[in-house]
Amino acid sequence: MTLDAVSRSDGRIDVLLTPADLRAEMAVDVRAGLTAIPKHLPPKYFYDDRGSRLFEQITELPEYYQTRTERRILIDHADEIAAAADAEALLELGSGSSSKTRTLLEALDRRRPLTAYLPVDVSVGALSEAMDALGREYPGLPLHGFVADFDRHLDRLPSPGRRLIAFLGGTIGNHPPPRRRHFFAALSATMAPGESLLLGVDLVKDPARLVAAYDDAAGVTAAFNRNVIDVVSREFDGDLDPADFEHVAVWDPDREWIEMRLRARRPVAARLADLDLTVSFAAGEEMRTEISAKFRRPSLERELVAAGLAPRGWWTDADGDFALVLATA
């Protein structure tokens, strides 16, 4: 099943996405994105080991309400979610540090001993650190991690019993609508009847609060955004300099999403030797590095139903900032 695997005392990590695979895919994306008009890069390349650590810092920032709000919803409603899902195993897409997962794991385990927790992430560093911590905290919990791209490897993730598939943190918002619909359909096709998806979604709200969440006063999000320049230069023997770019976050009211961009501070000419590619930016030229769509309940539920996923639960905070949605195949 796997290309590689790492055996550990606290569980197994299967590698479905090797560094060579990731680099080859990145080469295609970087060449296409840096020669497009306007330029763009996929947000998944933020998450090297440094980027993953920076994102964990972002989740603790006062402006970034998403993580603490989602955590509060989980604390308040985990037992209801566990009862509705009635799952035997928890699979988490984009697991990162698995910091919020503990509440869900404990609620599920109160109903029955879990057959496995299956974290999935592109960062082997983040996955290893999370599994180290979980192995110490829950020594009886079977752990099986996957270094994988959840847009490509959904059909290669196991089902050791009826699964609850958690996709938290509002990450689904990084998918433009056509790709999001494709993702829902692909995920639904891998789910057995009775398996459930728990989806964390950020909701439409005051644009000023949304922009602040992606442009914090401490500059951590700016460092996270510029880190993609380091990732690209390191991987392809380049001389792009993050200092040549400033971080930009804007609200698109028509599409109802935040865009993160990098804006060239001056004219930039750089070389990516391994791609035999010369990249030029005019002063003030912007490159999109992320979208983060915000949702409304009726339209999101229509998308889930169209993919064969029946909405069964909707939990939100008192202010209506964020929601957890449970949908069953």
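A: The second largest pocket holds about 440 Å³ of space. A pocket here is an open set of points on a 1 Å grid over the protein atoms alone, with protein on both sides within 12 Å along at least five of seven lines; a cavity is a set where a 1.4 Å probe fits but cannot get out, and lining residues have an atom within 4 Å of a point. Points are joined across faces, edges and corners, and a volume is the space filled by probe spheres set on them. The model is predicted: local features need pLDDT of at least 70 and side-chain atom pairs count only at pLDDT 80 or more, while totals for chains, interfaces and linings use all residues. Residues are numbered from 1 along each chain as its sequence is written, and side-chain values use heavy atoms, with hydrogens and water left out.

The lining of this pocket has 21 residues, and Pro-19, Leu-22, Val-122, Ser-123 and Val-124 are the closest to its centre. Two or more lining residues come from each of β1 (4–8), α1 (19–34) and α8 (220–235); helices (H or I, at least four residues) and strands (E, at least two) are DSSP runs numbered from the N terminus. The largest share, four residues, is that of α1. By class the lining has 12 nonpolar, two polar and seven charged residues, where Ala, Val, Leu, Ile, Met, Phe, Trp, Tyr, Cys and Pro count as nonpolar, Asp, Glu, Lys and Arg as charged, and the others, Gly among them, as polar.

The whole structure has one cavity of 30 Å³ or more, and about 30 Å³ of space lies in the largest cavity. Its lining includes Leu-91, Leu-93, Arg-163, Ile-165, Leu-187 and Thr-190. At least two lining residues come from each of β4 (89–93), β7 (163–167) and α6 (177–190). Six residues of the cavity lining are nonpolar, one is polar and one is charged.
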